[in-house]
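Biologist: I would like to learn how to read a model like this one, feature by feature. Please show me the structure before we start.

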Amino acid sequence: TTGVAHELNNPLNNTGLFVGNAVDLLELGGTDTGPIVRALRQALQQVGKATEIISHLRTFGRAAPVSREPISLRQVIERSLALMREQLRLREIEVTADLGPAEPVVVGNPIQLEQVFLNLLTNARDAVADAPRKAIRISGAVGPAAVEVAVADTGPGIPPGLERRIFDPFFTTKEVGHGTGLGLSITYGIVKEHGGTISVVSRPGEGATFLLQLPLAAAETNEP
Ligand SMILES: Nc1ncnc2c1ncn2[C@@H]1O[C@H](COP(=O)(O)OP(=O)(O)OP(=O)(O)O)[C@@H](O)[C@H]1O
Ligand SMILES: [Mg+2]
């Protein structure tokens with residue numbers, strides 16, 4: 001789905017450029033409406049493109065049944081970390097993952113679950129960009145029926161009052177071209193589809209911690 005985010009970035013950026021052109025033309029006080037109308041039509045065309053991508057995403061999401069299988073959550077987390085490791089290392093972000101001795105198995109789609117952690121790690125990466133201490137910590141605890149995973153960072157945390165809105169599609173505080181605001185809404189959807197929950201805890205100055213709960217596969221498969 002990261003691909004979709006990138007595909008959407010393009011028409012959204014272009015829309016911004018064309019609308020910007022129209023604003024410039026108006027501000028310069030030009031009396032010729034031709035170029036202004038042309039710029040706005042180009043913007044409209046780009047909005048159409050973005051809408052098309054979204055509707056594809058929707059049909060695709062519904063039509064294609066995703067396969068489900070018992071999977072090791074440890075493996076999912078390790079694969080996501082492996083994909084992010086170089087990026088995090090280059091930004092001097094310290095990463096620790098402590099899942100304890102348990103081997104939680106969940107029933108789900110490995111690609112989708114990987115996407116969940118990639119989205120959370122990407123957000124954490126961005127959050128610690130200007131922080132004095134840059135660290136991300138993944139920790140896990142296994143209960144009788146569910147596994148809880150926490151993804152914590154040392155960034156500025158979520159501004160009070162925005163804890164729920166960050167899960168809305170297209171909600172972003174990032175600059176144009178740096179975020180589409182789809183990451184957490186996609187994450188939320190995947191977690192829900194897997195019968196789990198996701199929430200965020202954020203205290204000022206203490207960074208953000210995303211808490212993920214996923215139901216375990218049949219209990220007997222979770223013995224070490
Ligand atoms: N770890 C975090 N620390 C602080 N703020 C966060 C964190 N994770 C998410 N947010 C806030 O939630 C917003 C929405 O996140 P989301 O992942 O949905 O979109 P995005 O990262 O802005 O863009 P995209 O994921 O589509 O590239 C972010 O713009 C940011 O304001
Ligand atoms: Mg994101």
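## Reading the model

Modeller: Arg203 is partly exposed, with a relative accessible area of 48%. Glu206 is exposed, at 51%. Arg203 and Glu206 form a salt bridge, their closest N and O atoms being 3.6 Å apart.

Biologist: What should I know about the model and its numbering?

Modeller: This is a predicted model: local features need pLDDT of at least 70, side-chain atom pairs count only at pLDDT 80 or more, and totals for chains, interfaces and linings use all residues. Residues are numbered from 1 along each chain as its sequence is written, chains are lettered from A and ligands numbered from 1 in the order in which they are written, and side-chain values use heavy atoms, with hydrogens and water left out.

Biologist: How many helices and strands are in the protein chain?

Modeller: Helices (H or I, at least four residues) and strands (E, at least two) are DSSP runs, numbered from the N terminus. The protein chain has 5 helices and 7 strands. From the N terminus on, their order is α-α-β-α-β-β-α-β-β-α-β-β. The C-alpha atoms fill a box of roughly 75 × 45 × 35 Å, taken along the principal axes. Of the 224 residues in the protein chain, 38% are buried.

Biologist: How do I read a salt bridge?

Modeller: Side chains of opposite charge can pair when their charged atoms come close. The cut-off here: a side-chain nitrogen of Lys or Arg within 4 Å of a carboxyl oxygen of Asp or Glu. A search of the whole structure finds 8 salt bridges. One of them joins Glu103 and Arg74, at 2.6 Å from N to O. This pair links distant parts of the chain, 29 residues apart: Glu103 is in the loop between strand 2 and strand 3 (105-108), and Arg74 is in helix 3.

Biologist: Which residue meets Asp126 in a salt bridge?

Modeller: Lys174 does, at 2.9 Å from N to O. Lys174 lies in the loop between strand 5 and helix 5, and Asp126 in helix 4, so the pair ties together parts that are 48 residues apart in sequence. Lys174 is partly exposed at 32%, and Asp126 is partly exposed at 27%. Arg125 joins Asp126 and Lys174 in a network of salt bridges.

Biologist: How do I check the length of helix 4?

Modeller: Compare its span with the expected one, which is 1.5 Å times one less than its number of residues. Helix 4 (residues 110-127) has 18 residues. From first C-alpha to last, helix 4 reaches 26 Å, close to the 26 Å expected. Of its 18 residues, 13 are buried, so helix 4 is largely enclosed by the rest of the structure.

Biologist: What lies at the start of helix 4?

Modeller: A side-chain oxygen of Asn109 reaches to within 3.0 Å of the backbone nitrogen of Ile111. For a polar contact, the cut-off is a pair of N or O atoms within 3.5 Å; within protein, one must be able to donate a hydrogen and the other to accept it, and residues adjacent in sequence count only if both atoms are side-chain atoms.

Biologist: Which residues come nearest to ligand 1?

Modeller: Near means that a heavy atom of the residue lies within 4 Å of the molecule. Of the 18 residues around ligand 1, Asp153, Thr172, Thr173, Lys174 and Thr180 come nearest. An N or O atom in the Thr172 side chain is 2.5 Å from a ligand 1 oxygen. A polar backbone atom of Leu182 is 3.0 Å from an oxygen atom of ligand 1. For a backbone N or O atom of Gly183, the distance to a ligand 1 oxygen is 3.3 Å.

Biologist: What does a positive phi tell me?

Modeller: Most residues other than glycine have a negative phi. Glu92 is not a glycine, yet its phi is positive, about 55°. Glu92 lies in the loop between helix 3 (73-90) and strand 2 (94-98), and counts as exposed at 66%. Phe170 also has a positive phi, near 70°. Phe170 lies in the loop between strand 5 (146-153) and helix 5 (183-193), and is partly exposed at 43%.

Key: Buried means under 20% relative accessible area, exposed over 50%, partly exposed in between (1.4 Å probe, protein chains only).
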